[in-house]
Amino acid sequence: MSEPTAPELATELRQATLDYLWRQWRAVGAMVTSPSPAQIIVDPEALILMSLTMLDHEPRLADVVWSWVDVNHSLVGVQRLGNLREHFPAVTTERLAALAGFRVDEAKDPRWKSLRSSTVEEIGPRGGKTRAVTPRFSSWATLQLQLRLGMGVGAKADVLAFVLGLNSNLPEWVSVPMIAESIGYTSTAVRRVADDLAGSRFIRVLETPDTNQASRMFSAHPAPWASLLGVSHHQPGWGYWRERFQFVIAVLSWLDGESLRPTSAYAQDVASREILTRHGAALRRDRIVMPIDFAVAELDRSYLVSASRSLVSWWASHG
């Protein structure tokens, strides 16, 4: 079977990404058509930013983003949007600034002032219809939002959501730097919050000689929380959406460039290797690609095609 051309792979990956964005929006209360809602824990800020990124290919996402934020503004981490936007293209930052301007001027919500810009053309929903409701907190997909409603928007709810979203089949421990990198807060803020959560027995801290040092590790049992929160005892995972969306953006950007100006097979292999090396962690997590295989594989265009399709298949089977 021949490999897909750059336009073919771009279309395949872009459509799969859009399909999964719709599934995530449906899970958190947007009135959209999708075969089924997402099950993996939704990261609301990553979802907003990726949806803004994809507006050129799906303009209807603007209606959903604006409406959902309007209905659920009290659950949105505005500061975290500012932290995570650095990982997305410049056009995403511009569109986020437009959303912020709308929130400040129309909704009179001063929290968004730090994200707005007077140089950005306004974009927003069409028709004025409400396209979202408050989420139903009935699955793991809405865990982060549910914890924010109960604990307040901020690092404490997000750290707890991340730690609860670790692998439920095997004990998995994470350090402060790992948590901070994954959820977009400073290590100082995460360390303080994780210590508080461990002190209150919401999460566990690994008892080692370095327990009081920066190297201490944290974990949690999701099953008791499932009973408390009224969700399934099968915990489908965190999803690492910011990292995986970054991978998709990088691949699509390169493929779109190849569609306009094709390069040699050697240059394509070099570019593929750079993308896979830079974003490999997003694929090795949850064994989307096998870490051992990734370490010894020839990271060329063929592997990039395979890895991209593996991510799409993982979304379909775990989402």
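**Reading a predicted model: rings, strands and helices**

Mentor: Under the pairing rule for ring centres within 6.5 Å, this structure has 10 aromatic pairs. Please keep in mind that the model is predicted.

Trainee: How is one such pair read, for instance Phe 162 and Tyr 240, and what is the angle between the planes?

Mentor: Planes over 60 degrees apart count as edge-to-face. For Phe 162 and Tyr 240 the planes stand at 85°, so the pair is edge-to-face, with 6.0 Å from centre to centre. The two residues are 78 apart in the chain, and the pair links distant parts of it. Phe 162 belongs to helix α7 (residues 155-164), whereas Tyr 240 lies in the loop between α10 (222-229) and α11 (241-260).

Trainee: Are Phe 162 and Tyr 240 buried or exposed?

Mentor: Buried means under 20% relative accessible area. Phe 162 has 1% relative accessibility and therefore counts as buried. Tyr 240, at 8%, counts as buried too.

Trainee: Which residues form an aromatic cluster?

Mentor: One cluster is made up of Tyr 20, Trp 241, Phe 245 and Trp 315. A ring may also have a charge over it: the charged end of Arg 244 sits over the ring of Trp 314, at 4.5 Å from the ring centre.

Trainee: What is the order of the strands in the open sheet?

Mentor: In general, the strands of a sheet pair through backbone hydrogen bonds, in a parallel or antiparallel manner. Here three strands form an open sheet in the order β1-β3-β2, and the pairing is antiparallel. At its edges are β1 (174-175) and β2 (204-205), each of which pairs on one side only. Strand β3 (residues 217-219) is joined to β2 by two bridges, and Val 205 stands opposite Phe 218 in β3.

Trainee: Why is α11 described as roughly antiparallel to α12?

Mentor: The axes of α11 and α12 (residues 265-284) cross at roughly 170° and come within 9 Å. This crossing makes the two helices roughly antiparallel. The contact involves several residues, including Phe 247 and Trp 254 of α11 and Ile 275 and Leu 276 of α12. Arg 244, whose charged end sits over Trp 314, also takes part in the contact.

Trainee: How many residues of helix α2 are buried?

Mentor: In α2 (residues 44-53), 10 of its 10 residues are buried. Among them are Glu 45, Leu 47 and Met 50. The elements that cover the buried residues include α1 (6-27), α5 (90-105) and α11.

Definitions and conventions. Residues numbered from 1 in each chain as written. Predicted model: local features only at pLDDT ≥ 70, side-chain atom pairs only at ≥ 80, totals over all residues. Heavy atoms only, no water. Phe/Tyr/Trp six-rings, centres within 6.5 Å; stacked < 30°, edge-to-face > 60°. Helix = DSSP H or I, 4+ residues; strand = E, 2+ residues; numbered from the N terminus. Buried < 20%, exposed > 50% of the residue type's maximum accessible area, 1.4 Å probe, protein only. Lys NZ or Arg CZ within 6 Å of the ring centre and 35° of its normal. Pairing = 2+ DSSP bridges. Axes fitted to C-alpha atoms, helices over the stretch in contact; angles between N-to-C directions. Parallel < 35°, antiparallel > 145°, perpendicular 65-115°, else oblique. Contact = heavy atoms within 4.5 Å.
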